[in-house]
Amino acid sequence: MTQSAAELLPLTPVAFEILLALAPGERHGYAIMREVEERSEGRITLHPGTLYRALGRLVDEGLIEELAARPSPDRGNERRRFYGITELGHDVAAAEAERLESQLAAARARFQPGGGS
Amino acid sequence: MAVSATPNRDAVPDRALPQPPRWAMTCYRWLLRFAPARFRARHGDEMLMLFADRYRDASSRRGGLLYLWAGTLRDAVVSGLAERKFGDRFLRGGGNDARYAARALTARPATSALVIAVLALGLGASLAGWVLLRDVLLRPLPYPEAERLVAIWDTNPEMGLEHVGPTPANMLDWREQNRSFSGMAAWYANEPRTLRGAGDPVKVAVAEVTEDFFGLMSEPAVVGATFGAAEVLSDEPVVVLSHWLWVERFGGSEDIVGQTIELDGVNHRVTGVMSGSFAVPQRDIGVWVPWNFANGWPQLGYVPRDYRYLFVVARLADGVDLAAAQDHLDGIAAGLEEQYAENAGWRPLAVPLRDDIVGDLRPALVVLYGAVSLVLLIALTNAAHLVLGRELGRRAELGMRAALGASAYRLARQSAFEATFVTAIAALWAWALATVALRGVALVAPPTLPRLYEIGLDAAALGYLAVARARHRRPAHCRSRSRSPRNDHRHRATAR
């Protein structure tokens, strides 16, 4: 599993945000969008096209899975398709976090006076 | 990298959700068409619901819908085309088509050269005509607030005279009595004087100007300073050089300021150099020297009221229009007419300075532009005929490609490459031709036209050329769409 996780790195920022949003539990498209928007304090807005292209790719790569559509109480009980993170998705997101962490450490050591790794 | 603990959205209680208007949903459904059908089948419904959610959110924020539509439009186009792999599709095989198009053009060098020559001629003539029209007729004169500058002439309807230089004494009276102009100056382009020093003696055109001339034009010197009332009234021989004389005769050295040059045996101190665009009264003026009316006519002993030869220019005061200024001038002239017998029947006439300079050229330039536009039209028609003739000779080849499975898109793309090559080469030649033509025009143009030195090709001219080229390519495109599906490959191949 670690081998295939490494092969899928690096993730695009949108893919990483989606995995982060799905980490606590299953969500539908709108909930993912809101979560990403709130977490990034409005810096990242996922429009439908961008969001569903990324969701489609993540499903195809096996990082998330599409669940059966079911009513969503927060959206007037319309039937929504929910997405959940897979085990592979967890591993890839964790590997990506590690990768970013080592980058961050290197950047801190080199660009910030007195900064250590 | 911990995930922030936000409440799960699913847990939010149900609330009444107003629906977005039907037209908005229809618009978004249309925008979804940028994406391929398989993508719409997979995500279309969810995307519509998500758009509706976002619409509801945005409509509760001030200006939110504007941002929503702007972002949605961009997103639909960008992600839709990306999903279609639009860029990949164009790039894949594009290099081959470009090579093939180049080979097709060089295979028939005579026809290609002829098409290019015809197009270059038409485009070049049209481009030169348009640049001339724009720079001479449409642009304001290159002086600050040039639209407020007026020329003042004397007219005498009884004698049928419309364009006579005012007299010095009248000009002084107008300047003193008027309230419509913030300034008034006069000049006279006198006999050329002999300039000695710094090389062989040479005759230079001289403009004698009154003390407020440079102030009125609001044109500062680019090196040193212009002269004003103090220098003129002190009768010290000073001179301002034109840019071209400064460059040609004095090597563009700034040290010239403060030195003396000899004009007709009299030493003049150089106070400054004007910019290259300053062409009053005309482009070939080499130096401006002060003209003090107080001692301008020593042989007469007074300022004459019957010598009609001045050039007078004035600047409209703030808030005064030309008609009001003319009324006021008429009033002053009526008073002067009663006072002086020399003024009987004479009336001043103020005209915008630009009209005064380019007015006579207007019909000629418009006719010229019309003529070169016709040349362009003829050139385009001829080029289209040549291309059509060439394409008819390639029916078999293109028919074969279509039969072997080349799509309409591929054949059209190759045609587009060929047309682009031809027009790009023709445009380069057109540019060169127009440059030569405009240089020629600058040599023979009337000397009163300012800024001819800077008439030339620029980014806007490039735009003009692009539009003119598009006119060439457009009919081909229309024809290729109007063919019947039957025999499609043949017509597709021939029609361009």
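From the N terminus on, the elements of chain A in this predicted model follow the order α-α-β-α-α-β-β-β-β-α, which amounts to five helices and five strands. Chain A has 117 residues, of which 41% count as buried. Among the contacts in chain A with a separation of 6 or more, 54% are made by residues 24 or more positions apart.

Within chain A, helix 2 (residues 13-22) and helix 4 (residues 48-61) pack at an angle of about 75°, and their axes are 10 Å apart. Because angles from 65 to 115 degrees count as roughly perpendicular, helix 2 of chain A and helix 4 of chain A are described as roughly perpendicular to each other. On the side of helix 2 of chain A the contact is made by V14(A), A15(A) and I18(A), while helix 4 of chain A contributes T50(A), L51(A), A54(A), L55(A) and L58(A). The residues of this contact between helix 2 and helix 4 of chain A comprise seven nonpolar and one polar, with no charged residue.

The strands of chain A include an open sheet of three, arranged in the order 1-5-2 with antiparallel pairing. Strand 1 (27-28) and strand 2 (64-66) of chain A stand at the edges of this sheet, and each has a single partner strand, so that one side of each is left without a neighbour in the sheet. Strand 2 of chain A pairs with strand 5 (residues 82-85) of chain A in the antiparallel sense over three bridges, and within this pairing I64(A) has I85(A) of strand 5 of chain A as its bridge partner. Helix 4 of chain A, already described in its packing with helix 2 of chain A, also lies across strand 2 and strand 5 of chain A, running at about 105° to strand 2 of chain A.

Helix 3 (residues 29-39) of chain A has as its buried residues G29(A), Y30(A), A31(A), I32(A), M33(A), E35(A) and V36(A). These buried residues of helix 3 of chain A pack against helix 2, strand 1, helix 4, strand 4 (78-80) and strand 5 of chain A, and also against helix 2 (37-59) of chain B. Just after helix 3 of chain A, E41(A) takes a positive phi of about 50°.

The loop between helix 1 (2-7) and helix 2 of chain A contains L9(A) and also P10(A). A cis peptide bond, with omega of about -10°, joins L9(A) and P10(A). With a relative accessible area of 22%, L9(A) is partly exposed. When residues up to four places away in sequence are not counted, L9(A) touches V92(A), A95(A), E96(A) and R99(A). In the case of V92(A), the two residues are 83 residues apart along the chain, whereas the C-alpha atoms of L9(A) and V92(A) are separated by 7.3 Å.

Chain B has 496 residues, of which 45% count as buried, and its secondary structure comes to 17 helices and eleven strands. Among the contacts in chain B between residues at least 6 apart in sequence, 77% join residues at least 24 apart.

In chain B, strand 4 (residues 202-209) takes part in pairings of both senses. Strand 3 (residues 181-196) of chain B runs antiparallel to strand 4 of chain B and is joined to it by seven bridges, with V206(B) of strand 4 as the bridge partner of N190(B). Five residues lie between the strands of this hairpin, in which G197(B) takes a positive phi near 95°. With strand 9 (residues 285-290) of chain B, strand 4 of chain B pairs in the parallel sense over five bridges, and the bridge partner of A205(B) in strand 9 is I285(B).

In helix 10 (residues 243-250) of chain B, the residues L245(B), W246(B), R249(B) and F250(B) are buried. Seen down the axis of helix 10 of chain B, these buried residues fall within an arc of 100°, and they therefore line one face of the helix. Helix 10 of chain B is followed by G251(B), whose phi is positive, near 60°.

Positive phi values also occur in chain B in residues other than glycine, including E145(B), with phi near 45°, and S218(B), with phi of about 55°. E145(B) lies in the loop between helix 6 (109-138) and strand 1 (149-156) of chain B. S218(B) lies in the loop between helix 8 (213-217) and strand 5 (223-224) of chain B, and at 34% relative accessibility S218(B) counts as partly exposed.

Note on methods. Residues are numbered from 1 along each chain as its sequence is written. Chains are lettered from A and ligands numbered from 1 in the order in which they are written. This is a predicted model: local features need pLDDT of at least 70, side-chain atom pairs count only at pLDDT 80 or more; totals for chains, interfaces and linings use all residues. Side-chain values use heavy atoms; hydrogens and water are left out. Axes are lines fitted to C-alpha atoms, for helices over the stretch in contact, and angles run from 0 to 180 degrees between N-to-C directions. Helices (H or I, at least four residues) and strands (E, at least two) are DSSP runs, numbered from the N terminus. Angles under 35 degrees count as roughly parallel, over 145 as roughly antiparallel, 65 to 115 as roughly perpendicular and the rest as oblique. Contact means heavy atoms within 4.5 Å. Ala, Val, Leu, Ile, Met, Phe, Trp, Tyr, Cys and Pro count as nonpolar, Asp, Glu, Lys and Arg as charged, and the others, Gly among them, as polar. Two strands pair if DSSP finds at least two bridges between them. Buried means under 20% relative accessible area, exposed over 50%, partly exposed in between (1.4 Å probe, protein chains only). The arc is that of the directions from the helix axis to the C-beta atoms.
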